[in-house]
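Please look over the sequence and the model below before reading on.

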Amino acid sequence: MIALTKEKWPKVAVVIVNWNGGRFLERCLSMLETQTFAPQEIILVDNASTDSSIEIARRFPDVCLLAQQDNLGFAKANNLAVSRTSADVEWIALLNPDAFPGPRWLEALISAVQAHPDFDIFGSRLLSATAPATLDGTGDVYHVSGLVWREDHGRTDDISVHESREIFSPCAAAALYSKRAFVDAGGFDEEYFCYVEDVDLGFRLRLFGHRCLYVPKAEVFHMGSATTGRHSDFAVYYGHRNLVWTYVKNMPGLLFWLFLPAHALLNVVSVIWFLVMGKGRLILKTKADAFRGLPRMWKKRRGIHRLRQASVGDIWKNLDKSLVPRLYKTWW
């Protein structure tokens with residue numbers, strides 16, 4: 001860690017989006033109280049929870065609670081919280097209610113900010129909250145086909161993952177973003193509702209010339225899909241719909257056309273897989289809704305690529321180009 005003085009500390013707001021995560025929320029907020037580097041603000045958006053979440057949040061006087069009447073989704077709720085941060089806040093730390101940060105989590109992230117001024121996004125080292133010697137992930141990977149997965153998910157935590165490195169994008173369960181970069185990129189795409197929205201944002205930030213660093217000392221214990229279910233119909237629908245939209249919106253022109261057959265094959269394989277698993281109606285509706293949304297996504301694509309700063313080569317360097325993508329690593 002580098003020495004930090006209060007005069008050097010940038011202003012950080014921690015944003016938590018919660019939906020019926022009451023059984024985890026007290027532990028999450030309590031861990032924030034123990035941080036060696038205290039955030040200027042903690043903003044919690046509650047998406048119309050029906051459990052004890054509101055009562056728990058009110059026990060923490062430093063938490064600014066934005067209680068919603070409806071479930072806005074992860075993307076829109078985060079955007080709302082960022083819009084409510086103070087003008088002098090420079091960094092946004094996103095944290096899921098089922099993610100429990102170690103005491104030096106924020107200090108490690110802010111130390112990385114000061115040591116690496118050429119990066120604007122920072123990811124944490126996620127460990128399983130139920131099996132702390134096992135990694136939940138070290139960052140999100142984007143394959144040329146449009147498949148995404150969390151790097152190192154399920155492997156044993158060892159010295160090989162304790163080195164900082166550039167990653168494609170962070171898992172938004174515990175990540176730090178430059179507020180300026182976040183706002184300039186338009187924040188999360190609110191049409192996504194949830195799932196893959198962090199990869200989509202990470203891709204757009206890359207296109208706009210920003211880079212992401214994995215910070216192994218930023219340690220967080222994560223339950224993962226604790227309220228929505230890792231393999232639920234909800235996760236399958238939003239995850240597989242949003243995969244299509246992310247590819248269409250973001251993949252640069254030459255790479256878009258070059259790997260479009262691979263993306264089409266990925267979707268065909270997904271449909272066959274879920275047909276075999278007895279979820280044919282769900283996956284067919286998912287892909288139909290993805291297809292119906294393509295005109296809107298193509299319009300967004302034109303706006304994104306008008307502002308693109310990164311070269312095709314820059315993007316190519318940070319894509320996974322394995323011949324057979326690691327299907328077994330995906331979270332759905």
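Helices in this account are DSSP runs of H or I with at least four residues, numbered from the N terminus. The model is a predicted one. Just after helix α6, glycine 209 adopts a positive phi of about 100 degrees. Helix α6 itself spans residues 197–207 and is mostly covered, with 11 of its 11 residues buried.

Buried means under 20% relative accessible area. Lysine 249, at 2% relative accessibility, therefore counts as buried, and aspartate 200 is buried with a relative accessible area of 0%. Salt bridges that share partners join Asp200 and Lys249 with Asp189, Glu191, Arg204, Arg296 and Lys300 into one network.

The structure holds 21 salt bridges. One of them joins the side chains of arginine 180 and aspartate 120, at 3.6 Å from N to O. Here too the pair links distant parts of the chain: arginine 180 lies in helix α5 (residues 179–184), and aspartate 120 lies in the loop between α4 (105–115) and β6 (121–128), 60 residues apart. Arginine 180 is partly exposed, with a relative accessible area of 47%, whereas aspartate 120 counts as buried at 14% relative accessibility. Arginine 104 and glutamate 107 also meet through their side chains in a salt bridge, at 2.7 Å from N to O. In this pair, arginine 104 counts as partly exposed at 43% relative accessibility, and glutamate 107 counts as buried at 11%.

The structure holds 19 aromatic pairs. In one of them, the ring centres of phenylalanine 24 and phenylalanine 100 are 6.5 Å apart and the planes stand at 45 degrees, so the pair is tilted. Because phenylalanine 24 lies in helix α1 (residues 22–33) and phenylalanine 100 in strand β5 (residues 99–101), the pair ties together parts that are 76 residues apart in sequence. Both phenylalanine 24 and phenylalanine 100 are buried. Elsewhere, Phe193, Tyr195, Phe234, Tyr237 and Tyr238 form one aromatic cluster. Rings also meet charge: the charged end of arginine 301 sits over the ring of phenylalanine 256, 4.7 Å from its centre. The charged end of arginine 301 likewise sits over the ring of tryptophan 298, 5.1 Å from its centre.

The last stop is strand β4 (residues 91–95), which is mostly covered, with five of its five residues buried. Trp91, Ala93 and Leu95 point one way from β4, while Ile92 and Leu94 point the other way, and all are buried. Strand β4 pairs with strand β1 (residues 12–18) in the parallel sense over four bridges, and alanine 13 stands opposite isoleucine 92 of β4. Strand β4 is also joined by five bridges to strand β11 (residues 174–178), and these two strands run antiparallel. In β11, tyrosine 177 is the bridge partner of isoleucine 92.

How values were computed:
Residues numbered from 1 in each chain as written. Predicted model: local features only at pLDDT ≥ 70, side-chain atom pairs only at ≥ 80, totals over all residues. Heavy atoms only, no water. Buried < 20%, exposed > 50% of the residue type's maximum accessible area, 1.4 Å probe, protein only. Phe/Tyr/Trp six-rings, centres within 6.5 Å; stacked < 30°, edge-to-face > 60°. Lys NZ or Arg CZ within 6 Å of the ring centre and 35° of its normal. Salt bridge = Lys/Arg side-chain N within 4 Å of Asp/Glu carboxyl O. Pairing = 2+ DSSP bridges.
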